[in-house]
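User: I have a structure open and would like to go through it with you. Could we take it piece by piece?
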Amino acid sequence: MSSSSTPADRPQYTADQLRNALHDFYGGVDSSSAETCGHIYGHGDPHHEMSMLQKITATTMLNYDGRIASSGGGSGGPPPLVDELLERASEFHANHGPMLPLHEIVRGKSPCMALAAEFKRASPSKGDIAPHLDAGDQAGVYFEAGASVISVLTEERWFKGGLADLTSARLST
């Protein structure tokens with residue numbers, strides 16, 4: 001199971017900080033346009049509130065930036081850099097086979113239905129669902145029940161997941 005930070009040690013961000021993080025994702029104020037960033041501001045709706053997905057995305061970006069800046073402060077130490085993640089993925093694929101082709105798996109079930117299962121320990125709307133579950137064990141249960149694909153939520157704050165869950169699920173199926 002992934003280690004998650006507690007609510008007390010999680011950074012809290014203002015709506016402006018969250019919007020700015022998403023804006024930066026699209027290239028910053030100078031590079032983005034109303035076409036690419038209008039949804040962040042509700043396409044002009046003065047009462048617009050960011051969606052939960054937007055808040056999760058922006059918070060994840062800000063947390064990542066903060067962990068890099070603090071060189072290991074906060075939960076779990078510094079996050080892996082992109083090059084490190086790519087190297088780990090390459091090693092994993094060399095040892096356990098390539099990524100599975102989602103489109104081919106789903107199309108291969110035609111004309112029958114393909115079943116997608118989802119692993120998550122918690123959700124923003126429901127809170128804790130099953131924080132004690134092991135992703136690998138649960139993925140095995142889903143696979144044996146006929147799941148064609150399994151989605152593993154790796155976001156730490158709201159879904160209480162991690163990259164280790166993805167690895168565990170893949171190795172179990």
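User: To begin, where is Lys160 found?
Analyst: Lys160 is found in the loop between S4 and H8. Helices (H or I, at least four residues) and strands (E, at least two) are DSSP runs, numbered from the N terminus. This is a predicted model, in which local features need pLDDT of at least 70 and side-chain atom pairs count only at pLDDT 80 or more, while totals for chains, interfaces and linings use all residues. Residues are numbered from 1 along each chain as its sequence is written, and side-chain values use heavy atoms, with hydrogens and water left out.

User: What is the phi of Lys160?
Analyst: Phi of Lys160 is near 55°, a positive value in a residue other than glycine.

User: With which residue does Lys160 form a salt bridge?
Analyst: The partner is Asp128, and the closest N and O atoms of the pair are 2.3 Å apart. This pair links distant parts of the chain, since Lys160 lies in the loop between S4 and H8 and Asp128 in strand S3 (residues 127-128), 32 residues apart. A salt bridge here is a side-chain nitrogen of Lys or Arg within 4 Å of a carboxyl oxygen of Asp or Glu. Asp128 counts as partly exposed, at 45% relative accessibility. The classes are buried (under 20% relative accessible area), exposed (over 50%) and partly exposed in between, with a 1.4 Å probe and protein chains only.

User: How many salt bridges does the structure hold?
Analyst: The structure holds 5 salt bridges. One of them joins Asp16 and Arg19, with the closest N and O atoms 2.8 Å apart. These two residues are separated by about one helical turn because they are 3 residues apart in helix H1 (residues 15-25). Another joins Glu118 and Lys120, at 3.4 Å between the closest N and O atoms. Glu118 is partly exposed at 40% relative accessible area, and Lys120 is partly exposed at 27%.

User: Which residues is Glu155 in contact with, then?
Analyst: Leaving aside neighbours within four places in sequence, Glu155 is in contact with Ile56, Thr60, Lys160 and Gly161. Contact means heavy atoms within 4.5 Å.

User: Let us move to H7. Which of its residues are buried?
Analyst: Helix H7 spans residues 135-144, and Ala135, Gly136, Gln138, Ala139 and Gly140 are buried. The buried residues of H7 pack against strand S1 (116-119), strand S4 (149-152) and helix H8 (163-172).

User: What caps the N-terminal end of H7?
Analyst: Asp134 does, with a side-chain oxygen 3.0 Å from the backbone nitrogen of Gly136. Just after H7, Gly146 takes a positive phi of about 110°.

User: And which residues does Ser168 touch?
Analyst: Not counting residues up to four places away in sequence, Ser168 touches Asp134, Ala135 and Gly136. Ser168 is found in helix H8 and is partly exposed, with a relative accessible area of 22%. Ser168 and Gln138 are 30 residues apart in sequence and 9.7 Å apart in space, C-alpha to C-alpha.

User: Another topic: where does the cis peptide bond lie?
Analyst: The cis peptide bond joins Ser110 and Pro111, with omega about 10°. Pro111 is found in the loop between helix H6 (102-108) and S1.

User: Finally, the overall picture. How many helices and strands does the protein have?
Analyst: The protein has 8 helices and 4 strands. From the N terminus on, the elements run α-α-α-α-α-α-β-β-β-α-β-α. Of the 173 residues, 27% count as buried. Among contacts between residues at least 6 apart in sequence, 61% join residues at least 24 apart.

Terms used. A polar contact is a pair of N or O atoms within 3.5 Å; within protein, one must be able to donate a hydrogen and the other to accept it, and residues adjacent in sequence count only if both atoms are side-chain atoms.
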